[in-house]
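Me: Can you walk me through how the helices pack here, and how the chains meet?

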Amino acid sequence: MDTNKPNLSPAVDAQGGIGAVPVPHTEHADHLHHDEHDHEHHDQHWLWKYVFSQDHKMIARQFLITGMLWAIIGGTLSSLFRLQLGWPEATLDWLKPLLGHWIDAGKLNPEFYLALVTMHGTIMVFFVLTAGLSGTFSNFLIPLQVGARDMASGFMNMLSYWFFFLSSVVMFWSLFLETGPASAGWTIYPPLSALPQAMPGSGAGMTMWLVSMALFIVSQLLGGVNYVTTVINLRTRGMSMSKLPLTIWAFFLTAILGILSFPVLFSAALLLIFDRSFGTSFFLSDIYIAGQALSNQGGSPVLFQHLFWFLGHPEVYIVIMPAMGMVSEVLATNARKPIFGYRAMIGSLIGISLLSFVVWAHHMFVTGMNPFLGSVFMFLTLIIAVPSGVKVFNWLATLWRGNIRFSAAMLFAIGFVSLFISGGLTGIILGNATLDIQMHNTYFVVAHFHLVMGSSAFFGLFCGVYHWFPKMFGRMMDEKLGYIHFWLTFAGVYLVFMPMHYVGIAGFPRRYYAWTGFDAFSQFADMNKFISVAAILAFFAQFVFVFNFFYSIFRGRRATENPWNSTTLEWTTPIEPGHGNWPGEIPAVYRWPYDYSKPGSEADFIPQTVPYSQTQSSNLPYEQEVVD
Amino acid sequence: MNPEILSEKEVGLGWHPKRVILILLIFSIVMMFAAFTSGYIVRRDEGNWREFDLPASLLINSIIIALSSATMQWAWFSAKKDELSRVKIGLMLTLALGLAFLAGQFISWGDLVAGRTFFGGADANPSGSFVYVLMGVHAFHLITGLVFVAVVLLRTVKYQVHSRAMLSIGNATLYWHFLGGLWLYLYLFLLLNH
């Protein structure tokens, strides 16, 4: 790691950088015996093995389990506000043991309702679907699938988790504040977020939200630079960029998006902190609050929205792209077919990444922007349908006439494609400025993004967990419970969000705590009850997964080395790889990752590590040339 | 056994991982200042924007930081030629000039206040607040740069920096030039847009 070792090649040097774990990761280490690795791991103190680990696989498990805890909290919050929306007249005194003073004379406190929605959004978008999804699988799969012993910097990787953990602690703590957690929506628009006196949640809750997010951004940057550097520098012999599995391409581009967009959120948050605590007026002007005129002059709340959505829009792709990558991998493996259009898949990922930076203002059509500007953003937004359509077409073409194995992971992958189509179609509607202005403040938008990025990213997450569980924990998850989990969730998601489109298009407004005062909305009472029942049932169905997950860690059927007959590198490691991943030399890679059911081949898959010289019968002419 | 010849390791971009990490972090800093400066322009174009005078002392600070880039580069060349005493002098000069720059920025803040351009409070306008934010966030990064240069100086004393161990001084030089370039960009930006 030090610069006083001038003879080391960069890659070797980086492997040496795994740090505190005493495995000598030099070229010589590649020839170590397996038992020597085992031996070193028995010597480790549990604190270094399970808590302050620098092993990317342990860090991935830490991210996953923290993310699962957050998902349960986030889901609980949504059940609470669905109770309010479904039964606005009901007495909620029975929730008093849980919510304490937030239940006021049998009613949910309106300000707490806003806090619930805010925290549900923040938790799900950032803590579950960014850290829990991308953090888990980027960490777990990048070194394993590119053929590296660990991340470029194990220490920074560990810091990435612990910054996330600190950020989690701060956010969790804010849930228990006397004045409640942040309540300005997960988008924290000023002036609600900028004036501590605006509402109870704008005080300490908002401050803690900002502190937590600052820590979260640090965590994302530390993780992101590590992922990118690992993919650029630490690929094994033969693993050219055009032989990378699509998962890695997705994680790579996701990390680049994070590196470029999170600093912008940091800028916005910093200016907001100055507005809140140091008397500046970046986002405030001409405000009259509680009978008092504020001295703030010259700020613009719309400026905050620009800065926020410059992160916010890439953020939704940060959420969905890792899921897309994993779904591509799982579909190809379980259809026993090469992914259709490998290069088009990479191209569309790159296209989505580029476009994600130039469409942010489609979240702001209703801010009174210049209609010409609106039409530019509308045009760019609708172009995203092209790469998205390419991806959907390729997924369906991969399934076409495949020898499909309906494993639990495969079901979730197919479910992902279904949800992405259903949710994506309404994206085309909302991308039109004229339509969006009509629908913007209705449940139509809520239904759209919950299908296309919320639920489908969750399906990607489940698909990844079911598929890579054997490599993570050395055991299999129960398939039957997986099927039950899938069908309950799949049905649940559609039963929640399809009716929500309907109430939205009929004009039912979002963000309302109670709608019983408006006669126009009383016709939706039954529909809202239905949505609430479906949402709460779908939430409870997730405990089937939680049980399956923790039960299988300890009691699951033991996994084999390559249970899905997959071609990628992670399945060439031992069943439970130690720190360093491969006991001997890192295998070299000779072919792309999707040689499934290749004509002329005996087995229906050829791992990436098999050279063309050993597969004379199935080589294509240009592959044969490599051998000759 | 197999006739397919592979290179020992995929070489990536030919950069050391630490260099790649630094470059990626520089990109993230660039994005942060891109956000500030584009926010500045958007805000200004919407009106209700108070013009202010840029203190003349900023020009002196800019010259100081340009000089510090030169001394840093001199240290790097000296390391390349294994002239370690010159490396130490170069790094110490860079540190001294960096501290002088920070002191100069602080004095410029005083000039701004004297010219009734405030960061916060009833008399403040976002135009002035932005100047403090740009200078302050840049100064924060410059402090991290100073720490980096100090670490390299320490390593030079321990004979860990020489012509065959150029990584740390190379990274420090890259970062320092970036910080200098960033300030010159900010200065030009403020000159053109105040």
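Reply: Helices here are DSSP runs of H or I with at least four residues, strands are E runs of at least two, and both are numbered from the N terminus. This is a predicted model, where local features need pLDDT of at least 70, side-chain atom pairs count only at pLDDT 80 or more, and totals for chains, interfaces and linings use all residues. Residues are numbered from 1 along each chain as its sequence is written, with chains lettered from A and ligands numbered from 1 in the order in which they are written.

Me: What span should H1 of chain B have at 1.5 Å a residue?
Reply: Its 29 residues, 17–45, should span 42 Å, and the end C-alpha atoms are 42 Å apart, which agrees. Just after H1(B), B:Gly47 has a positive phi of about 85 degrees.

Me: Which parts of chain B does UniProt call "transmembrane region"?
Reply: The unreviewed entry gives residues 20–42, 54–77, 89–110, 130–154 and 174–192. Such annotations may be inferred rather than shown by experiment, and the positions are in the numbering used here, with feature names shortened.

Me: How much helix is there in 54–77 and 89–110 of chain B?
Reply: Residues 54–77 are 88% helix and 0% strand, with end C-alpha atoms 36 Å apart. For 89–110 it's 100% helix and 0% strand, and the ends are 32 Å apart.

Me: New topic: at what angle do H9 and H11 of chain A pack?
Reply: About 15 degrees, with axes 10 Å apart. Axes are lines fitted to C-alpha atoms over the stretch in contact, and angles run from 0 to 180 degrees between N-to-C directions.

Me: Which residues of H9(A) and H11(A) meet?
Reply: Among them are A:Trp249 and A:Leu253 from H9(A), and A:Met345 and A:Leu349 from H11(A). Contact means C-beta atoms, placed from the backbone, within 7 Å. The contact has 10 nonpolar residues, 1 polar and no charged. Nonpolar is Ala, Val, Leu, Ile, Met, Phe, Trp, Tyr, Cys and Pro; charged is Asp, Glu, Lys and Arg; the others, Gly among them, are polar.

Me: And how many residues of chain A touch chain B?
Reply: 53, in contact with 46 of chain B. H9(A) gives the largest share of chain A's side, 8 residues. By class, that side has 28 nonpolar, 21 polar and 4 charged residues.

Key
Two residues are in contact if their C-beta atoms, placed from the backbone, lie within 7 Å. The expected span of a helix is 1.5 Å times one less than its number of residues.
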